[in-house]
Number of protein chains: 2
Amino acid sequence: MTSDDMPRTRAPRADVRRNRARLLAAAREMFLRDGAGASLEGVARLAGVGVGTLYRHFPTRQDLLEALLADAYDALAQRGRELLESPEPRRALLTWLDDFVAAVSEFRGTAPSVLVSLRGERCEAFRSCRAMREAGEALFARAQESGEAPAGVAFLDVLKLAGGIATAAEREPGAAGRLLSLAASGIAPGAASGGSGTAPGESGAAPGEHGTSPGGSGGAPNPFG
Amino acid sequence: MTSDDMPRTRAPRADVRRNRARLLAAAREMFLRDGAGASLEGVARLAGVGVGTLYRHFPTRQDLLEALLADAYDALAQRGRELLESPEPRRALLTWLDDFVAAVSEFRGTAPSVLVSLRGERCEAFRSCRAMREAGEALFARAQESGEAPAGVAFLDVLKLAGGIATAAEREPGAAGRLLSLAASGIAPGAASGGSGTAPGESGAAPGEHGTSPGGSGGAPNPFG
DNA sequence: ACCTGAACACCGTTCAAGT
DNA sequence: ACCTGAACACCGTTCAAGT
């Protein structure tokens, strides 16, 4: 495949790959504990690597975060394609949005970075981010076509709204589902709970195994309804 | 009124009041420029005061921010009471929410602090915050009673959702109105633009004079519809 | 080519000394 | 009683020296 006259991109040295992997693992651990603003020096220390190495691999905190987010984006893209098979367009969309919010909320303080990704600014995880967006967009389009989602709305705005919800629910695990339901039904009459806007939480079907929701929709009973 | 045997709360010295005022003015200026994470040392310097004085007046950054937010909360409470006179319950509610989002977005990165206020944790601006909440809640209740807002929804969740929207729209002035409309109509059929969910932006009537929206609903044409 | 870690810069926070 | 600002602590970032 690779033509001879193009600049040779050699396979990275083994220790480089290993360092990168260690840094990502350490970052994940630190971000889970301390949020997306965790000490980078601490990340390097935990990875057993000099700080310089961290900066060489990931020049900015955003780069590091996005490298982790890329996995989440990939999983969401996959999940979106699966949900496209499900028979209920609207429910599929809302379930996917619920997963999106859960993924964004994995580390505290991630939402702003995700919004940066969505805007496409300097996105280290550009491919993954776009794949995710397209998968979600397909679900949205299908719901629109069957008259179960508003026409004339940009899907990107739906994602931004979901990103905002992720921030708002950050320190309050139970809130994510409620706020998403509220946004889904609208601050509008006839909405209430249990209505057409409620899907998240009991997705039931489909496998997928997220594995890392920071507490899932969490034990506490729904405070309204 | 003040009984003689209660601990005397003397009126603060003139220079203390002046320092406080200077610090607040400086903080406002810095936060406008650099967001809610601006350098506190810079605030003290701009106020022409030692850092120690800043910390004496406002032990934490949250305290400083909330002292500024208190004004915004008071204005919103006032505005809410005015809007209660207006004849269209739903439109009044949405207009108020638009003002809320604008106020929260005045400085970048304020939304998390507002959400803390709403949760009532160590709220320096507790009275103002509660007054604002109650004013908003009255608008919401009226809209519910006339069947123009969902029953069984906690108003606090509506505010949290609006807080999330403020974050999501932070770096993108035009988005606030769009996202709020979207949340108001719901990610639901028959919503589209211009529908029953659209009020913000052209409130037209009522005075109130906010004065400090970071760009208002801003010149740019609405990207959808 | 990559890694290391000391060195530098910056900022938040405290507190002894001043008024 | 309040203010000041030097001193301390911590962390992000760079870069000369090593492998």
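Start at DNA strand C. Select the 18 residues around DNA strand C; A:N19, A:G50, A:T53, B:S39 and B:Y55 come nearest. Sugar and phosphate make up 69% of the atoms of DNA strand C that come within 4 Å of the protein. Keep in mind that this is a predicted model.

Now zoom in on the phosphates. Pick A:T53: a polar side-chain atom of A:T53 sits 2.7 Å from a phosphate oxygen of DNA strand C. Move to B:Y55. Here a polar side-chain atom lies 2.6 Å from a phosphate oxygen of DNA strand C.

Next, show the helices. Two or more residues of the surface near DNA strand C come from each of α1 (14-34) and α3 (51-57) of chain A, and α2 (40-47) and α3 (51-57) of chain B. The largest share, five residues, belongs to α3(A). Colour this surface by class: seven residues are nonpolar, seven are polar and four are charged.

Go on to DNA strand D. There are 17 residues around DNA strand D, and A:S39, A:Y55, B:N19, B:G50 and B:T53 come nearest. Of the atoms of DNA strand D that come within 4 Å of the protein, 69% belong to sugar and phosphate.

Select A:Y55. A polar side-chain atom of A:Y55 is 2.6 Å from a phosphate oxygen of DNA strand D. At A:E41, a polar backbone atom lies 3.2 Å from a phosphate oxygen of DNA strand D. At B:G50, a polar backbone atom lies 2.8 Å from a phosphate oxygen of DNA strand D.

Which element gives the largest share of the surface near DNA strand D? Highlight α3(B), which supplies five residues. At least two residues each come from α2 (40-47) and α3 of chain A, and from α1 (14-34) and α3 of chain B. By class, the surface near DNA strand D has seven nonpolar, seven polar and three charged residues.

Step back to both protein chains. A rotation of 180°, with 0.0 Å of shift along its axis, superposes chain B on chain A with an RMSD of 0.0 Å. That is the relation of a two-fold axis. The same surface serves both copies, as 100% of the contact residues of chain B recur in chain A. To find the axis, select B:G186: its C-alpha is 1.7 Å away, the closest approach among the residues of chain B.

Last stop: the cysteines. Select A:C129, which is buried at 2% relative accessibility. B:C129 is also buried, with a relative accessible area of 2%. The whole structure has zero disulfides over all chains.

Key
Residues are numbered from 1 along each chain as its sequence is written. Chains are lettered from A and ligands numbered from 1 in the order in which they are written. This is a predicted model: local features need pLDDT of at least 70, side-chain atom pairs count only at pLDDT 80 or more; totals for chains, interfaces and linings use all residues. Side-chain values use heavy atoms; hydrogens and water are left out. A residue is near a molecule or strand if one of its heavy atoms lies within 4 Å of it. A polar contact is a pair of N or O atoms within 3.5 Å; within protein, one must be able to donate a hydrogen and the other to accept it, and residues adjacent in sequence count only if both atoms are side-chain atoms. Helices (H or I, at least four residues) and strands (E, at least two) are DSSP runs, numbered from the N terminus. Ala, Val, Leu, Ile, Met, Phe, Trp, Tyr, Cys and Pro count as nonpolar, Asp, Glu, Lys and Arg as charged, and the others, Gly among them, as polar. Copies are superposed by least squares on the C-alpha atoms of residues with pLDDT of at least 70 in both. Contact means heavy atoms within 4.5 Å. A disulfide is a pair of cysteine sulfur atoms within 2.5 Å. Buried means under 20% relative accessible area, exposed over 50%, partly exposed in between (1.4 Å probe, protein chains only).
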